[in-house]
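Good morning. Please have the model open, and I will go through a few parts of it in turn.

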Amino acid sequence: MTTVSDSLKLITTVDQLKYYLIQAMKIEHATIPPYMTALYSIKPGTNLEAFHIIRAVAVEEMLHLTLVANVYNAVGGSFESPVLRAPDFIPKYPSYLPTGSTDFKVGLSKFSKETIETFRQIERSQHVPESMPLVASRSLEERFLEVIGFDPTKTFYSIGLFYAEIIRGLNALYKEKGTDLFCGDPKRQITPEYYYNGGGDIIPVTDLRSAIRALKVIQDQGEGSRSETIYDAERELAHDYRFQQILLGKYYLIDKDDPTKSDKPNQPTGDSFTVDWDAVYPIKDNAKLSDYPEGSEVRTAALEFQSAYSDFLTKIEYAFNGHPEHLIPAVGGMFRLKEQANSLMRNPIPSSPGVNAAPLFRLDQP
């Protein structure tokens, strides 16, 4: 398997490590609005299999965000200055992911074959095609990832490779600084009793071993533990293959006791299910506030959703900033957004026949 360390060593200081971890939190969050938009665009009572697949992945992205926050806190990172509420935390969709990869953009679109294909791109394997350089240059005008101390025109092919560099950097800095690297207050860690019951196990980070374990959970859940398998280290189906099930209308079979009996990649043998690509609301792609006329009901509803989502991020950040007991109710708020999103998606935009409203994932301005 190719790793970033084969080519470059980009993280050489603790400040660079913290910066990468902030970018990792941006990456994990950047997938949530697209997943939620597609999920809630499905008309109620239809596509139940697809709905549950997408919802489960969205829950695990929240787990990933929390795991990165634990690593960030453990190495002395701080949420005293806004991270989740920083002006650039939420990308302006459609957007490249913060890995810097430029061969596809992620947008806010209805449930469709094209949208699910994009989700597979998000979760694609660490394995780099021979035609794709490991760390590729991109134009300065298009860059998103600007990491301290190295050429900001460099990019990563996959999220897994991005995390591979963080793991390499952690190991290198630990050799230099030893246990001093993990100087964060353990009371700021999100521990299992404070985490929403779903999406996997939360890992408190106090040392190198737990930090690497937390980051490998993120790598494995997305793309699988190895390129020739469909499952992660916990014997659960990796995100890429979960999404592929929707496109194929067929489940993968996993034998947790004997992995050799599990299905092979691209060869699911489980039950079939029906996907109705037409049972969705015809929502506006990448909706902006300017799409909704002044004084209209959809504009008011869109602003209410934006406020609720902004409040959701505020509460998550508060939990990460030394108040872990607030995380469970905060994550619960993520799912209460469904009703607000559906009320938007059911309604056409005035003067735009055949196009319905969609949620706004932006921060409220102070």
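I start with strand β3, residues 348–349, and strand β4, residues 352–356, which run antiparallel and are joined by two bridges. Two strands pair if DSSP finds at least two bridges between them. Ile-349 has Ser-352 in β4 as its bridge partner. The two strands form a hairpin with two residues between them, and in the turn Ser-351 has a positive phi of about 70°.

A word on the source. This is a predicted model, in which local features need pLDDT of at least 70 and side-chain atom pairs count only at pLDDT 80 or more, while totals for chains, interfaces and linings use all residues. Residues are numbered from 1 along each chain as its sequence is written, and side-chain values use heavy atoms, with hydrogens and water left out.

Now the whole protein. It has nine helices and four strands; helices (H or I, at least four residues) and strands (E, at least two) are DSSP runs, numbered from the N terminus. Along the sequence the pattern reads α-α-α-α-β-β-α-α-α-α-α-β-β.

How much of the protein is buried? Of the 366 residues, 55% are buried. Buried means under 20% relative accessible area, exposed over 50%, and partly exposed in between, with a 1.4 Å probe and protein chains only.

His-64 counts as buried because its relative accessibility is 1%. Leaving out residues up to four places away in sequence, His-64 touches Glu-28, Val-217, Ile-218, Gln-221 and His-239. Contact here means heavy atoms within 4.5 Å. In the protein, of the contacts with a separation of 6 or more, 71% are between residues 24 or more positions apart.

Next, salt bridges: the structure holds nine. A salt bridge is a side-chain nitrogen of Lys or Arg within 4 Å of a carboxyl oxygen of Asp or Glu.

One of them joins Arg-188 to Glu-80, with the closest N and O atoms 3.4 Å apart. This pair links distant parts of the chain, 108 residues apart: Arg-188 lies in the loop between α5 (159–177) and α6 (208–223), and Glu-80 in the loop between α3 and α4 (113–122). Arg-188 is partly exposed at 22%, whereas Glu-80 is exposed at 56%.

Another salt bridge is between Arg-299 and Glu-294, at 3.3 Å for the closest N and O atoms. Here Arg-299 is buried, at 14% relative accessibility, and Glu-294 is exposed, at 67%.

That is the end of my part.
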